[in-house]
Amino acid sequence: MVFDELDKKMRVYEQSLDQIILPDIYMVARLDGRGFTHLTKELCKFEAPFDERFRDLMIETVKALMDCGFKVIYGFTESDEISLLFSPNEDTFGRKVRKYNSTLAGEASAAFSLALGRVATFDCRIIPLPNIEKVQDYFLWRQEDAHRNSLNAHCYWMLRKEGKTVCQATNELEGKSVSYKNELLFSRGINYNQLPSWQKRGIGLWKEQYEKQGYNPISDTTETAIRNRIKVEYELPIGEQYAKLISGFLS
């Protein structure tokens, strides 16, 4: 059988599960570390509940994803999770979902592994969103998830460091209200509201322009050039102000 005939015959199977995001739909990618609890607590022994070394690894991974060929206009990271907002005119790979999932997971895994010095992997899913309001809701949701997880983590690891077992610490927090957890921390001298914002609300990244002074050897003069760089924001706004920040990237 000649190649063209065989290619036509088999290509339909390869493409049978292809899903394409329609041009008028917004796209967000969410990536999660695979087996990161084992990686961070047992293999690398990062400080719990938050470690600046791990935070910086995640930031470098987001930067790599924002500079690997896609039109990513906003990145957000909390814990071992990354969310990427694509430009409305993103059309790489014909907007095929499997291509984004595989490529982004591979890029994230490679970037994080190289920075860490040992193998780590991510999975990825593409989330289609019908309008700007849903895009805002998505990032408000992930920020609130960061807040909830942060409060739980601070309480859990405080109890563990006091000598409680995994089951004891888990049972003590199960079903408890936000006010209870805040009071639990406060009774040990920890004011949750005064903890670093990045631990509670995550970190945002976006590209910004800046002026850079340079020397022009032809004219023998100093000139100002406009360059792009990735801004890392450790103190994101919340609520309506955060929603406005997100929509601003799409305007």
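Start by selecting Q199, which sits in helix α8 (residues 197-201). This is a predicted model. Is Q199 buried or exposed? Its relative accessibility is 12%, so Q199 counts as buried, the cut-off being under 20%. Now show what surrounds it. Beyond the neighbours within four places in sequence, Q199 is in contact with F50, A146, S150 and H154.

**Zoom out**

Display the whole protein chain as a cartoon. It has nine helices and six strands. The C-alpha atoms fill a box of roughly 70 × 65 × 40 Å along the principal axes. Colour by burial next: of the 251 residues, 40% are buried. Among contacts with a separation of 6 or more, 68% join residues 24 or more positions apart.

The accessible area of the protein chain is about 14,400 Å². Carbon and sulfur atoms account for 52% of that area.

Hide the surface and select the strands. In what order do the six strands lie? Reading across the open sheet, the order is β4-β1-β3-β2-β5-β6, with antiparallel pairing. Go to the edges: β4 (121-129) and β6 (221-233) each have a single partner strand, so one side of each lacks a neighbour in the sheet. Look along the sheet for its twist. From one strand to the next, the twist averages 25°.

Now select β2 (residues 72-78) with β3 (residues 81-86). Six bridges pair these two strands in the antiparallel sense.

**Strand β1**

How many of its nine residues are buried? Eight are, and the strand is mostly covered. Next, show its partners.

- On the β4 side, nine bridges join β1 to β4 and the two run antiparallel. Select A29 and find its bridge partner in β4, I126.
- On the β3 side, β1 pairs in the antiparallel sense over five bridges. Select R30, whose bridge partner in β3 is S83.

While the side chains are on, keep a general rule in mind. In a regular strand, side chains alternate between the two faces of the sheet.

**Back to helix α5**

Select Q136, a residue of helix α5. At 17% relative accessibility, Q136 counts as buried because the limit is under 20%. What does Q136 contact beyond its neighbours within four places in sequence? The list is A243, K244, I246 and S247.

**Backbone stops**

Move to the loop between α2 (36-43) and α3 (52-65), where P49 is found. Check omega for the peptide bond from A48 to P49. That bond is cis, with omega near 5°.

Stay in this loop between α2 and α3, which also holds K45. Its phi is near 55°, a positive value in a residue other than glycine. K45 counts as exposed at 60% relative accessibility, since exposed means over 50%.

Last stop: F93, in the loop between β3 and α4 (97-116). What is phi here? For F93 the angle is near 60°, again a positive value in a residue other than glycine. How accessible is F93? Its relative accessible area is 35%, so F93 is partly exposed, between the 20% and 50% cut-offs.

Technical notes:
Residues numbered from 1 in each chain as written. Predicted model: local features only at pLDDT ≥ 70, side-chain atom pairs only at ≥ 80, totals over all residues. Heavy atoms only, no water. Helix = DSSP H or I, 4+ residues; strand = E, 2+ residues; numbered from the N terminus. Buried < 20%, exposed > 50% of the residue type's maximum accessible area, 1.4 Å probe, protein only. Contact = heavy atoms within 4.5 Å. Areas by Shrake-Rupley, 256 points an atom, 1.4 Å probe, with all protein chains shown as cover. Pairing = 2+ DSSP bridges. Axes fitted to C-alpha atoms, helices over the stretch in contact; angles between N-to-C directions.
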